[in-house]
Amino acid sequence: MSHATHMRALTLRLDDEYFAFEAEGVREILDLVPVTEVPNASPFAAGLINVRGRVVPLADLRVAFGMRQAAHTPDTRIVVVEAEIEGEQTVVGLLADKVYDVTDIENAAIEDAPKVGMRWRADYVRGIGKRNGQFIIIPHLQRILEQAGRRSGSHGHNEGASK
Amino acid sequence: MSNDPTDTFRQEAAELLEQLEQGLLDLGQTPEDSDLVNSVFRALHTIKGSGAMFGFTEVAEFVHNFETAFDRVRKGVAPVSPALVTIALAAKDHIHGLIHDPVSVGDAGDTLLADLAIVVDGGVVPVAEAVGEAAAAMTTAASRDGVVRWRIRFFLPSDALVHGTNPVLLLGEITALGKAEVTLIADRVPTLEEMDPERSYLGWQIDLEHDDPRPALDDVFLFLMDGMELSCEKLEDTRAAQTAVAVPLPALPATAAQEGAEATAPVAGRAPADTERADAKQASGAAASSLRVPAERLDELMDRVGELVIAQARLTQLAALSADSSLKSVAEELERLSSGLRDTTMGIRMVPIGSLFSRFRRLIHDLSNDLGKDIEFLTSGEETELDKTMIERLADPLVHLIRNSVDHGLESADKRLASGKPARGTVRLGAVYAGAEVTISVTDDGAGLNTARIRQKAEENGLITPDTRLTDSELHQLIFAPGFSTAKEVTALSGRGVGMDVVKKTIEGLRGKIHLTSTPGKGTTITLRLPLTLAIIEGMLVRVGTGRYAIPLSAVEECVELPATALTASRGRNFLDIRGSLVPFISLRDVFGTSGERDPFQKVVIVSSGGGRVGLVVDQIIGNTQAVIKQLSKLHADLPNFSGATILGDGTVALILDTARLVDAGQGTDLQQGKAA
């Protein structure tokens with residue numbers, strides 16, 4: 001987003017909210033594949049999938065944004081993105097209720113996340129864009145993966161409570 | 001890999017120093033072996049030559065003096081003594097220091113050379129003599145029957161300039177040999193259009209006053225012999241001494257050795273130039289038959305093969321469901337090919353363990369000197385091959401085990417004689433294949449473990465209570481407990497209280513096992529059992545609820561059916577009676593929080609790790625599987641029960657259980673319950 005006047009983004013829907021991910025980080029979009037449940041893992045990253053011979057964790061952003069769980073539908077997709085988690089380049093699958101398209105969002109139309117008045121942790125949101133009169137959340141993926149993923153196992157639930 | 005030529009030298013020097021060290025250690029065993037003396041001399045000579053070439057003048061100077069002293073040994077003037085070997089080893093370390101960290105080694109070299117000179121008799125080592133060029137030592141060896149003039153003509157290989165050769169330096173080295181007259185041969189320089197500025201077109205003719213410059217020329221052109229044109233003839237009698245010096249590089253050290261045998265030996269064969277060149281080609285062909293490849297590329301290859309194996313397993317599964325016989329035959333063919341490819345790929349990563357063993361000879365030599373114990377070090381099974389990563393990670397644990405054997409295991413010579421043993425102690429290091437595993441053992445013929453002292457120490461450390469009843473074997477395993485050390489005093493070598501527990505952790509981290517047996521008065525044997533490779537394991541596939549999990553087969557001892565009463569018997573005290581011994585068991589359904597009904601007939605997989613055993617209760621045992629191990633991402637790194645994941649034949653992911661950790665957990669609940677009871 002630095003020098004360009006717009007952000008090339010993949011838009012998708014989770015629950016009733018629209019999200020935009022930088023298209024550059026997206027590797028592929030998959031139909032739902034068999035998910036292996038990881039016992040004792042945090043609900044945020046409760047599964048593993050096979051992406052072309054790689055074992056890839058499947059993360060559910062609904063958990064990070066405190067949305068209610070919903071059953072998978074024919075529209076459900078897995079967006080495979082590449083992100084850095086604690087300095088390690090990692091391929092992660094993200095569940096999406098529906099994937100729309102790749103679009104350009106004008107930088108001018110992206111605003112910083114308001115510090116108050118949001119239902120979600122402000123540090124999970126990098127900015128809020130607007131498109132066709134709809135608000136689009138641009139999530140801070142790296143931070144979400146590093147923080148929400150850490151709530152698995154022995155670290156317990158104090159992460160969310162401290163905020 | 002870097003293109004810095006000094007890196008190349010460092011790498012080469014490391015190998016040569018290794019060769020030097022092995023040669024010296026062998027000489028310690030068989031001092032009369034002249035082949036060994038020559039091999040040591042060759043190593044020194046090559047280090048000197050390339051050191052000078054790459055600008056490591058201090059190295060070249062030191063090695064030159066080292067070599068001069070050692071030349072007396074080679075000529076049979078000075079005998080090979082243990083003292084000589086020790087000083088020469090120290091000098092070898094000094095060379096290593098000079099190459100890698102010349103600032104910190106200081107001027108220890110002078111002392112070493114002085115010592116060396118004393119040892120080789122009479123202090124004749126010319127410490128102060130400067131080495132302008134690598135050839136000095138060789139030329140002084142040649143006879144001096146008056147001034148002879150030689151005509152040297154040479155053209156460099158056409159790519160020499162690209163590779164950083166500076167002809168001016170080469171000419172400098174040659175003209176330093178004696179009175180010289182240099183003429184440029186420029187008749188091969190093409191017209192400007194055809195000229196490639198990176199190629200070398202020039203030749204030089206040098207008329208040199210010298211007794212016999214040929215050995216010196218070998219040194220000057222050491223790295224250019226392949227592909228260069230070089231002629232060297234005596235000016236007085238051109239027909240008789242028509243000598244083409246075109247020595248292929250690998251043969252060069254042999255030339256130096258030959259020289260030692262007869263001082264006037266010819267440098268190279270007198271065959272016509274074209275056959276010479278064919279020889280050179282052949283030699284470089286032989287050199288190319290082994291190849292250095294960065295380890296990451298092998299890892300990448302292994303990954304790809306792993307993916308292929310998975311894809312092939314899927315195809316086999318599909319073919320099994322199909323009635324199409326041609327599909328079946330293709331699937332079978334592919335299965336055969338991919339398993340062959342897998343074996344070959346794993347084979348590429350295999351390195352003989354001898355490369356590791358040889359390092360320990362120096363360790364034993366030093367320990368022997370430091371502790372004043374006479375030690376015989378015997379190795380066997382050097383040809384046994386293990387995964388490269390495995391060998392690297394084994395080095396530290398083995399150093400520790402060998403130190404322990406020498407320091408704690410072997411008694412002093414007096415004590416040994418008193419108990420009717422030879423004064424010289426023996427440490428054996430052996431490797432042998434055992435199925436899909438390799439067994440490595442460290443054996444000493446020392447006093448054996450002192451069970452009374454172990455018991456006392458364990459009680460002091462609170463590891464056991466005075467009323468704990470343990471067999472000798474169980475007591476022995478206590479030395480693997482964290483913070484345990486029985487040495488009466490802390491020596492420089494061992495007994496710092498860290499050690500065996502770290503060794504055990506490292507071995508288990510490699511999915512290996514460590515076992516110790518000890519007989520009082522007879523000695524101790526520590527056995528390591530290790531899988532051949534880290535990348536693929538044989539797994540047992542089990543089902544818990546709807547999830548499938550792989551258990552490393554090497555950890556599985558047996559499978560039994562869970563008696564229907566066992567789960568309900570008493571809460572928290574879960575033991576199975578396996579042929580008279582109580583084995584704690586944990587239900588994986590409970591550990592994983594699996595929902596749904598239990599299968600009516602629960603199975604127990606008994607796994608062992610580091611002497612402990614635990615039963616894992618599962619719903620179903622599915623069968624064996626080849627598991628290509630995939631690391632879990634950071635998102636799942638903090639989950640304790642899994643060591644990785646693998647992809648099954650149907651394309652789904654299965655988690656691999658961390659048996660060592662589960663055994664610990666099982667034993668842990670056992671202990672807690674024991675205390676509570």
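Which charged end sits over the ring of Phe155(B), and how far is it from the centre of that ring?

Analyst: That's the charged end of Arg188(B), 3.4 Å from the centre of the Phe155(B) ring. To count as sitting over a ring, NZ of Lys or CZ of Arg has to be within 6 Å of the ring centre and within 35 degrees of the ring normal.

Some housekeeping first: this is a predicted model, where local features need pLDDT of at least 70 and side-chain atom pairs count only at pLDDT 80 or more, while totals for chains, interfaces and linings use all residues. Residues are numbered from 1 along each chain as its sequence is written, chains are lettered from A and ligands numbered from 1 in the order in which they are written, and side-chain values use heavy atoms, leaving out hydrogens and water.

Now, Arg149(B) has two salt bridges worth a look (a side-chain nitrogen of Lys or Arg within 4 Å of a carboxyl oxygen of Asp or Glu). One partner is Asp207(B), at 4.0 Å from N to O. Arg149(B) belongs to strand β1 and Asp207(B) to strand β3 of chain B, so this bridge ties together parts that are 58 residues apart in sequence. (Strands are DSSP runs of E, at least two residues; helices are runs of H or I, at least four; both are numbered from the N terminus.) Arg149(B) is partly exposed at 29% relative accessibility, whereas Asp207(B) is buried at 7%. Buried here means under 20% relative accessible area, exposed means over 50%, and partly exposed is in between (1.4 Å probe, protein chains only). The other partner of Arg149(B) is Glu209(B), again with 4.0 Å from N to O. Glu209(B) sits in strand β3 too, 60 residues from Arg149(B), and is partly exposed at 25%.

Over all chains, the search turns up 32 salt bridges.

Back to rings: there are ten aromatic pairs over all chains. Tyr18(A) and Tyr100(A) make a tilted one, 5.5 Å centre to centre with 40° between the planes. That pair joins strand β2 to strand β9 of chain A, 82 residues apart. In chain B, Phe62(B) and Phe66(B) have centres 6.3 Å apart and planes at 65°, so they count as edge-to-face. Rings of Phe, Tyr and Trp (its six-membered ring) pair if their centres lie within 6.5 Å, with planes under 30 degrees apart called stacked, over 60 edge-to-face and the rest tilted. Both Phe62(B) and Phe66(B) are buried, and they lie four residues apart in helix α3.

Last stop, the packing. The largest nonpolar core has 42 residues, with Leu394(B) and Leu528(B) among those with the most contacts inside it. Helix α15 of chain B gives the most to this core, eight residues. A core here is a set of buried Ala, Val, Leu, Ile, Met, Phe, Trp, Tyr and Cys residues joined through side-chain atoms within 4.5 Å.
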